[in-house]
Each structure stands twice: as C-alpha cells, then as structure tokens.
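Here are my notes for your read-through.

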Amino acid sequence: MTSKEFARRRRHLIELVGPRGIVVVPAAPERVRSRDTLFEYRPDSDLFYLTGFGEPDAVAVLVPGREQGEFLLFCRERDSERERWDGARCGPEGAIARFGCDDAFPIGDIDEILPGLLERSERVYYPMGTSPDFDQRLLGWIKGLNTKRQSGHGPSDIVSLGHLLHEMRLFKSRAETSVMGKAAEIAVAAHRRAMRACRPGLMEYELEAEYLHEFRRHGATCSYLPIVAGGANACVLHYRANDAELAAGELVLVDAGCEYEMYASDVTRTFPVSGRFSAPQKALYEVVLAANLAATAKVVAGNHWNDPHDAATKEITRGLRELSLLKGKLPALLKRGAYREYFMHRTGHWLGMDVHDVGDYKIDEQWRLFEPGMALTVEPGLYISTDAKVPKAWRGIGIRIEDDVVVTKAEPHVLTADLPKEPAAVESLMAAA
C-alpha cells in the first residue's frame, strides 16, 4: 500500500467531515496475554487505514482547513533503552518523514495540544467505545473546554466516525483488492497443502500446523483462530479445540484464513480424511456445492445483499428435499425456513481489513445493493448433528464451502478460485500427495 493511497483516503475523509469538524483516532492498546506477557500487537484497522502507522500509544488527528497542515500524529518518542528491549520506534520526526504527517508530536504532549485543536471544532468524529480509556480522556478534554469557557466553546457533537470511515472501507481500491488477492492466494496454498497432508490418525492440531507453517512462510498470520473439525466436530460452528484424532471414513472441515499486510482472507473447505467421499458424504457435499455456486453467481452489481443467501437457501432446501431429509413442497419449506435445522447461519459477510469487516448491510431498512469494489464471503453449509432425527448414515456430518469474492462491473471475482471444491478435484488433489 503506497503513501499516495493513504493520503487519498485522508483527503476523502477530510472532504466528508468538512470545516469545523475534527477526526480523532486512537491506536489499539497493547493487550496482556498473561502476567507480563503480551499478545502480538495488531494495529487498529481504522487508524492503519488512514495512516499506515502500526505502533501502539498513538493518536491520529485530521483537522480540515488547518493552515499548518491537516494531518497530525501523536506517537511515542525515540528511546534507545526501550528500543533495545522492544524494537525500533518511529518517533515524531520519523512519522513526518515516513508517513506524510504535516505535524507530529510526542504522545506525552497530547494533553497540552489536542484540547486546543478540539476548541476550534464544532464536531468530533471519533470511534466511541473502541478504546474506553481514551473515551474518558476525550470526554474530559471536552468537559474542560466547556467549563473553562462558559459560553460553551467545546465541540457540541461527538459523531461516530464509523458512519463515514466504514462506508469508505467497504469499497476496496485496486491496491486493496490486490493485497486481498495475495491473502487469498496464501490461504489457498495452505488448504492445498493440508489436503495433501491429511490422513487418518493425524490429530486435528497436526493438520492445523500445516496451515500455520504455510501462512508464516509467506509473511502472513492467522486472520482468526483456525477451525479444524473432524467428523461430528464439524457440526459445532465455532469449534476451537482442534485436539481430536482424524478418523478414517470421516470428513474434516477446515475454516482457516490468513492476514497479509493487514487484509484478511477467510476460506473453508471440507474434505475426506481418507481421500475419498462416501456416498452419503458426497450427496450432502454436492448440495452445499450447488448452494455455493448459486450464491456466488448472485454476487453481481445491482443485486442486493440477501440475493446470495436466498439462492443458497433455495439450493439447500431443494437438495435436502431430494435426499428426503426435508419433506413437503419446496415453496412451503422455503417459506417456513425448514433448512434452518441444518443450515443456521448467514451465507456470508463483508471481508477486508477485518475478517468480519465493517459496512452496513441495510440502508433505510432495505438490503443494500452490491457495487463494484465490495468484498464478501460466500459460505453455505450443512450441519447434521449426531442426535438429528434422520437415518444414521447422515448423522455427524458437517460441511461448509467458503470462498472470498469481490464485486466487479461484470462477473464475480472469486479470489479463492484456484482451490478445488468439486468432489472429483478434491479427491484428485488428495490422491496426488
């Protein structure tokens, strides 16, 4: 992502905010894993989207019309002793040189500088609730301004930054789509690797390790905790244990995506542990595959958000009815949502810097229309628990097929198209191991 891309985003947001507004975006805090051990730091998506700056203890400020420059950053000062322990810091001078700030100040000076910038503004655009500690500091500064100036010269409104910024983030640029394509490419390679490595007797966590290695060797990390669910574990939608043995004759569902340069992929495949689908497994798999293909075909500019879900549920219901797992006429089954017993989640979500990315799904209570640049997942599934009231051959089977798709002016752009999902192609890949 180039500095020009970040500058373009800031200019666009400044135009939307207009004069007498100010944007304040704090960095994500470092988080304690246990005692004195921290989790790996992950920057706040909103701040990074606008600046490319990835350190903690920072605050980005945009001040439309400010004569000395509209982009300010408060960040940590250089500190040779701390850098010896924790790594290099950018510092205010580096922030100006590397990130295009008009001004940069030590984070310790924010109490003296930011209130003066707030005083000149009528509206503060701020992500209230994402950083409770900073929320209180901001409210304290505003209260102080109103107390100091009895005429009430502090900002009169705090406006949710998400109303503007998250709508911007919903539409991906060419540069963003390119990075997302790389994240998808790495995830595809990881899934292909795992399919080739899979065999009875492996532990779920051993299969998970194939994904982790492939992600890290390409400079990526997990965009969420992987789900590696063998057999009936696949019927637990958010299965996390990944500690069971993979058994011959069962399927394994793997939901594993990576984050590359702050953009996520989110990919699921389900494949036979022994390399070949049984007849019942294949029959259910083909129902889910038909739903995946039908839903993907609806990811077209001008269609609305729920069109892919409607297409998927129709195929799921039709397939279950043909297999006698649902009984009744198709229209009646669809009307009462009979599929929900076995397919209980939505068919997709927005995808971007966050795996469940920002953006409204409805506008004025109506499903929003797809437009070029939007990115989403398509992920229908079937989950037939071990205690389901169906013939034994169908029980304990969970299947999901998930792809990452970008809306274009023409056909859907499936970023994960190189990952096999036709049953014969899956079996062929596994046989080639």
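**Notes on a helix crossing and a pocket**

1. α8 and α13 are roughly perpendicular to each other, a label for angles of 65 to 115 degrees. This is a predicted model: local features need pLDDT of at least 70, side-chain atom pairs count only at pLDDT 80 or more, and totals for chains, interfaces and linings use all residues. Residues are numbered from 1 along each chain as its sequence is written, and side-chain values use heavy atoms, without hydrogens and water.

2. The axes of α8 (residues 174-197) and α13 (residues 423-431) come within 7 Å and cross at roughly 65°. Axes are lines fitted to C-alpha atoms over the stretch in contact, with angles from 0 to 180 degrees between N-to-C directions. Helices are DSSP runs (H or I, at least four residues), numbered from the N terminus.

3. Which residues make the contact? Arg192, Met195 and Arg196 of α8 meet Val426, Leu429 and Met430 of α13 (contact: heavy atoms within 4.5 Å). Four are nonpolar, none polar and two charged. Here Ala, Val, Leu, Ile, Met, Phe, Trp, Tyr, Cys and Pro count as nonpolar, Asp, Glu, Lys and Arg as charged, and the others, Gly among them, as polar.

4. The largest pocket has a volume of about 590 Å³. A pocket is an open set of points on a 1 Å grid where a 1.4 Å probe fits, with protein on both sides within 12 Å along at least five of seven lines; lining residues have an atom within 4 Å of a point. The volume is the space filled by probe spheres set on the points, which are joined across faces, edges and corners.

5. The largest pocket is lined by 26 residues, with Ala28, Arg31, Arg42, Pro43 and Asp44 nearest its centre. The lining has twelve nonpolar, six polar and eight charged residues. α7 gives the largest share, three residues.

Notes:
Helices (H or I, at least four residues) and strands (E, at least two) are DSSP runs, numbered from the N terminus. Angles under 35 degrees count as roughly parallel, over 145 as roughly antiparallel, 65 to 115 as roughly perpendicular and the rest as oblique.
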